[in-house]
Amino acid sequence: MEVFIRPLIEQDAYTSVKWRNDSEVFKYTGNTYDHEITIESEISWIKRVISNTKDYRCAIIVDGVYVGNIYLTDIENRTAQYHIFIGEKSFWGKGIAKQASLLIIKHGFEKLGLSRIMLRVRRENLSALALYKSLGFEATDETDMLTMSLQRESFHPYLL
């Protein structure tokens, strides 16, 4: 499988809107919706976030198929917040999240000049926790949502 990431584009809304309306896809994220997300609101959201200079938001592409999103947000003071979801459930459990994560983390450290990448994850999201630990993230705060951090100097993608 060939995995790559590219910046989000407005046309992605026509695929991502169905993911936003699937509660199973967003089960462990901090984003839950109590209403249907319309195509108009999804297009509006994409337009807004791709114009934000403090975010680097990408689509995950596998063998030419758009399967999910991965982001570095709130980029400031050489730090960013990491987010990921695979929206196409038929691609779950295939190692795509790890490959896409390596790509965006490397970009963040090498191209964006980040020194630290942070994330928050629900304790019950065991597969995400395993992924983040395998990438080198370490827990820095243990409340209901774990806060994890990855320092530039401890990221060695060639060891993974």
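Biologist: By the ring-pair rule, how many aromatic pairs are there?

Modeller: This is a predicted model, where local features need pLDDT of at least 70, side-chain atom pairs count only at pLDDT 80 or more, and totals for chains, interfaces and linings use all residues. Residues are numbered from 1 along each chain as its sequence is written, and side-chain values use heavy atoms, without hydrogens and water. Rings of Phe, Tyr and Trp (its six-membered ring) pair if their centres lie within 6.5 Å; planes under 30 degrees apart are stacked, over 60 edge-to-face, the rest tilted. The count is seven.

Biologist: What kind of aromatic pair do Y82 and F137 form?

Modeller: The centres lie 5.8 Å apart. The planes make 45°. That makes the pair tilted.

Biologist: Which geometry do the rings of Y132 and F137 have?

Modeller: Their centres are 6.0 Å apart. The planes stand at 65°, so the pair is edge-to-face.

Biologist: Is F137 buried or exposed?

Modeller: Buried means under 20% relative accessible area, exposed over 50%, partly exposed in between (1.4 Å probe, protein chains only). F137 has 3% relative accessibility, so F137 counts as buried.

Biologist: Over which ring does the charged end of R57 sit?

Modeller: A charge sits over a ring if NZ of Lys or CZ of Arg is within 6 Å of the ring centre and within 35 degrees of the ring normal. For R57 the distance to the centre is 4.5 Å. The ring belongs to Y71.

Biologist: And over which ring does the charged end of R20 sit?

Modeller: Here the distance to the ring centre is 4.1 Å. The ring is that of W45.
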